[in-house]
Amino acid sequence: MKRSNRLVVLTEYFLENPRKHIQLPYFVELCDTTKSSISEDLDIIHEVFENKGLGYLERTTGAGGGVKYIPTSSAEASKEFISSLQKKLEDPSRILPGGYLYMSDILGDPVLVREIGRVFASCFAHLKIDAIVTVATKGIPLAYATASFLNVPVIIARRDPKVTEGSSVSINYVSGSSRKIQTMVLPKRSLPDGANVCIIDDFMKAGGTITGIKSLLEEFSATVQAVGVLAEADDEEDERVITDYISLLKISPVDIQNHQVSVQPGNYQMET
């Protein structure tokens, strides 16, 4: 196989199989070439990935040596993307009756959702994560996007049990903003004991839902390695019940009288 063809084949493999460790003989057979040629190809792909801010190839040596692709987004690219989201959400036409903000089109856009997942995955690339956990329903697309870059499964907590999921563990928790009692359930077989998880959600007010997920995960002896939210409410900081999280955007209360929306970068900017 010619080098130009090999580079296409190898790049496609890495993009489709992020964070999957594979030994070099697999690529030697796949491309019908030598180990030294594959090694040179990997050098080229690694350099291009890094230069384009797409991540890097992590290589190991020895008997079990091989390579895996770690997808990331450069700090500059992430900040530029977050700025574009900020401008989209500041559009006054998004204001709904009651001071709510329309965001469903963003959560339904596969290109935007995928990039949000890439940014979150970049933030958590250094952590050992076995699964992404979210609560139904709007956080689901973001959870799957993040999981696709980390190459881990998605676990969905729900408000009520489903007969198709078998026996479940349920907890009651207090919503941080409304102070109402809510219920959250997770199937017993959805998560092995002692798993390392990352919680992803679309919006956070006081953080009651995140706290509820954490309490539920304690029943599985799971360790929460990270929490990521697309947007947080700017007016709930004094009432916030969690402090260790990463947000991409911060949304102030909608000014209904002047028909204005104020959106600022979240604490991701400070983290980077």
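Some ground rules before the details. Residues are numbered from 1 along each chain as its sequence is written, and the side-chain values use heavy atoms, with hydrogens and water left out. Since the model is predicted, local features need pLDDT of at least 70 and side-chain atom pairs count only at pLDDT 80 or more, while totals for chains, interfaces and linings use all residues.

Overall make-up, then. The chain has nine helices and twelve strands; helices here are DSSP runs of H or I with at least four residues, strands are runs of E with at least two, and both are numbered from the N terminus. The C-alpha trace spans about 65 × 45 × 30 Å along its principal axes. There are 272 residues in the chain, and 46% of them count as buried. Buried means under 20% relative accessible area, exposed means over 50%, and partly exposed is in between, with a 1.4 Å probe and protein chains only.

Next, the helix packing. Axes are lines fitted to C-alpha atoms, for helices over the stretch in contact, and angles run from 0 to 180 degrees between N-to-C directions. Helix α1 (3–16) takes part in two of the pairs I will show. With α3, residues 35–51, α1 packs at an angle of about 60°, the axes being 10 Å apart. That makes α1 oblique to α3. On the cut-offs, under 35 degrees is roughly parallel, over 145 roughly antiparallel, 65 to 115 roughly perpendicular, and the rest oblique. The crossing of α1 past α3 is right-handed, where right-handed means that the near helix is turned clockwise from the far one by less than a right angle, and left-handed means anticlockwise.

With α2 (24–31), α1 packs at about 135°, with axes 11 Å apart. The pair α1 and α2 is therefore oblique, and its crossing is right-handed.

Now the second largest pocket. It holds about 210 Å³ of space. Of the 13 residues lining this pocket, the closest to its centre are Phe124, Gln225, Ala226, Val227 and Asp244. A pocket here is an open set of points on a 1 Å grid over the protein atoms alone, where a 1.4 Å probe fits, with protein on both sides within 12 Å along at least five of seven lines; lining residues have an atom within 4 Å of a point. Volume is the space filled by probe spheres set on the points, which are joined across faces, edges and corners.

Which strand gives the most to this lining? Strand β10, residues 223–233, does, with four residues. By class the lining has eight nonpolar, two polar and three charged residues.

Last, the backbone. Most residues other than glycine have a negative phi, and most peptide bonds are trans. Arginine 19, in the loop between α1 and α2, has a positive phi, near 60°. Asparagine 151 also has phi near 60° and is found in the loop between α7 and β6 (154–157). Arginine 19 is partly exposed at 23% relative accessible area; asparagine 151 is partly exposed at 43%.

The peptide bond from alanine 136 to threonine 137 is cis, with omega near 15°. Threonine 137 lies in the loop between β5 (131–135) and α7 (140–150).

Note on methods. Nonpolar A, V, L, I, M, F, W, Y, C, P; charged D, E, K, R; others polar.
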